[in-house]
Structures are given as C-alpha cells and as structure tokens.
Amino acid sequence: MNIGITGASGMLGTALIKRLSRSHKIFATSRRKGVEGENIHWECFDLTAVKILERWMEKSDLDVLIHCAAIVNVDMCEENTKLATELHFETTRVISDYLNDNNGRIIYISTDSVFDGKKQGSYDEFDLAEPINVYAKTKFLGEGPVRSIKKGLVLRTNIIGWAQGSKASFAEWVLNSLINATPLNLFDDVHFSPLHVDFLASVVEEIIDRPVYGLYHCGSRDSITKYDFGKQMAELFQVSEAKIKKVSLNEKTFKARRPKNMALNTNKLSSILKCDLPCVLDAIALMKQQFDQHSNSSGVGVNNERN
C-alpha cells in the first residue's frame with residue numbers, strides 16, 4: 001500500500017515508519033526529515049498550507065493516511081488557538097474530505113485529554129467528551145470529520161517512549177531526573193493509561209491489514225498515577241526513588257487546565273483485535289529493554305528537557 005504519515009519525524013511517526021516501511025511504500029511529511037531508508041519518501045512542508053497538502057496527497061496516491069501531526073505542548077496551544085485549530089481541525093477536515101472522495105482511509109491519532117477528568121474509573125468510547133483546554137478542544141474537533149466519513153478511524157491514546165528530537169518525552173524526563181537524583185515532583189491525583197509507542201505502532205499495522213473504522217481507545221489496559229509511574233520507573237531501572245515527591249495537581253498553575261483522570265477503557269479495541277493490550281508495566285519494561293540495548297548509541301538516550 002501507499003501509506004502517508006504526517007508528523008512523521010516525531011516519536012510515533014518514527015515508530016510507524018520503521019515498522020510499516022518493511023511492507024509498504026511510505027510517504028512521510030513533517031517540518032523536518034526523520035528516519036530515511038528504502039520505501040520511505042519524504043516531503044517537508046507546512047501542513048496548514050492546504051493546497052500543498054492536497055497536492056501531496058494526490059501525488060502520493062495514498063491508500064491510507066495516518067495523521068499524527070499535532071502541537072503536543074498543551075500550554076502553547078492556549079497561546080496559539082488559531083494555529084492549534086488549523087493544525088488539529090482544518091488539516092484533518094481537508095485530509096478526511098480528500099480521502100473520502102478518493103476511497104482512501106484515515107487513521108487520526110487523537111488524545112486521552114478530551115474528557116474533563118471528573119469520572120471515577122476509566123473512560124470508554126460512550127462517555128461524553130468535555131475537553132477543558134485548547135489542545136484537547138481542537139483535537140476533539142478534529143475527530144468530527146474523521147468519524148463522519150466511511151473509512152475514518154479515531155484512536156485516542158497516550159504514548160511513552162524515546163523522543164526523536166531535542167526535547168525529552170515525559171518518561172525520559174522522569175528517568176533523567178531519577179538517574180541524576182534531581183528532585184522530581186509527580187502528581188498522585190492524575191491518572192493515565194500510557195502505551196509504549198512501539199505497541200501503538202503494532203496496533204496500527206494490524207488495523208491497516210484488517211481495517212477498523214470508528215472511534216477506539218488505545219492505551220494500556222490499566223492505569224496509573226504519575227507518581228506511581230515514577231516509582232515503577234525507579235524500580236525497573238534500579239535507581240533510587242528518594243527524590244520523588246508526591247504532589248497534587250491542585251498545587252500547580254498552568255496556562256492550560258489539565259484533567260485529573262485520563263484513564264482509558266480499551267475493552268472495545270481489545271474485542272476487535274481479539275487480544276488484550278499491554279499494561280503500564282509492559283510499557284516501562286520495554287523502555288528498560290531498549291535502554292539496555294542502546295544506551296551507548298546515539299539512537300536512544302536520556303535527554304535533559306521535558307516535552
């Protein structure tokens with residue numbers, strides 16, 4: 001197949017390219033080039049330039065487009081509502097309309113942040129989305145065009161793994177702080193269901209081979225607090241947890257409001273795939289395995305900035 005990937009130089013885009021380029025022709029776009037190789041064709045442009053976007057899709061003759069591009073800095077979205085709306089909603093509408101007219105498929109990578117976080121227990125696909133910040137509101141808006149077409153799929157998720165740029169992912173920031181014995185404040189009242197990026201890439205590959213449409217939650221099959229996540233990182237990486245401090249989200253002031261509960265119920269997707277998704281500890285264990293394998297190479301390491 002001809003598979004397009006937006007945001008292709010990011011953490012998920014890189015994982016998808018490495019996996020999917022073994023069997024498919026990849027048409028990758030991002031602000032900068034990422035991993036290169038056989039079956040990988042790069043074209044870098046501003047995704048919000050919709051005429052260029054449409055020409056790229058037409059030229060690439062796409063069967064499937066995986067729309068990963070997003071502004072992941074939640075506070076930045078509060079300051080750039082117009083840009084967040086253009087990238088998360090307008091580009092998704094253009095992509096969905098084009099693919100719908102040309103019998104193509106879109107897989108839209110959405111977020112676990114579309115809920116207000118007040119529910120007790122994990123959120124399923126039938127729960128009402130009530131986003132409380134610009135990032136979540138615009139990502140949720142982007143779900144609309146995808147769900148309105150015949151061959152659209154929305155995957156709500158939260159991923160961890162090794163970042164591909166200068167800034168560290170959340171898990172890397174935690175690990176770097178632990179290794180360097182830096183004081184680490186982690187929320188004990190924020191729950192999430194992080195999935196390793198490589199696990200998500202494998203789910204996407206399976207969905208490409210056996211098409212699934214609609215809305216699905218794709219996280220770990222359980223959930224954890226940010227505080228307990230840090231403690232589990234310390235245990236698996238065999239470093240001291242002495243510098244981890246338990247704090248409440250209520251003690252912090254951000255430009256963007258954050259939900260306290262982002263836990264996802266993945267039963268619907270597990271039923272379709274006929275298998276359980278990994279648990280949180282599986283995601284951390286895979287990071288530890290990759291760290292051990294590549295700690296002395298430039299491909300994987302611990303960065304010093306938080307994403």
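Predicted model: local features only at pLDDT ≥ 70, side-chain atom pairs only at ≥ 80, totals over all residues.
**View 1. Salt bridge between Glu79 and Lys255.** The closest N and O atoms of Glu79 and Lys255 are 3.3 Å apart. This pair links distant parts of the chain, its two residues being 176 residues apart. Glu79 belongs to helix H3 (residues 74-79), whereas Lys255 lies in the loop between strand E13 (244-247) and helix H9 (267-273). Lys255 counts as exposed because its relative accessibility is 55%, the cut-off for this class being over 50%.

**View 2. Salt bridge between Arg93 and Glu90 in helix H4 (residues 81-101).** The side chains of Arg93 and Glu90 meet with an N to O distance of 2.9 Å. The two residues are three positions apart in helix H4, so about one helical turn separates them. Arg93 has a relative accessible area of 33% and is therefore partly exposed. Glu90 is likewise partly exposed, at 27% relative accessibility.

**View 3. Salt bridge between Lys119 and Asp127.** Here the side-chain N to O distance is 2.6 Å. Lys119 is partly exposed, with a relative accessibility of 27%. Asp127 also counts as partly exposed, because its relative accessibility is 22%, and a residue is classed as buried under 20%.

View 4. The structure as a whole holds 14 salt bridges. Lys119 and Asp127 form one of these salt bridges.

**View 5. Packing of helix H2 (residues 50-60) against helix H4.** The axes of H2 and H4 are 10 Å apart and form an angle of about 35 degrees. The crossing of H2 past H4 is right-handed. On the H2 side, the contact is made by Val50, Leu53, Glu54, Met57 and Glu58. On the H4 side, Thr91, Val94, Ile95 and Tyr98 take part. By class, six residues of this contact are nonpolar, one is polar and two are charged.

Technical notes:
Residues numbered from 1 in each chain as written. Heavy atoms only, no water. Salt bridge = Lys/Arg side-chain N within 4 Å of Asp/Glu carboxyl O. Helix = DSSP H or I, 4+ residues; strand = E, 2+ residues; numbered from the N terminus. Buried < 20%, exposed > 50% of the residue type's maximum accessible area, 1.4 Å probe, protein only. Axes fitted to C-alpha atoms, helices over the stretch in contact; angles between N-to-C directions. Left-handed = near helix turned anticlockwise from the far one by under 90°. Contact = heavy atoms within 4.5 Å. Nonpolar A, V, L, I, M, F, W, Y, C, P; charged D, E, K, R; others polar.
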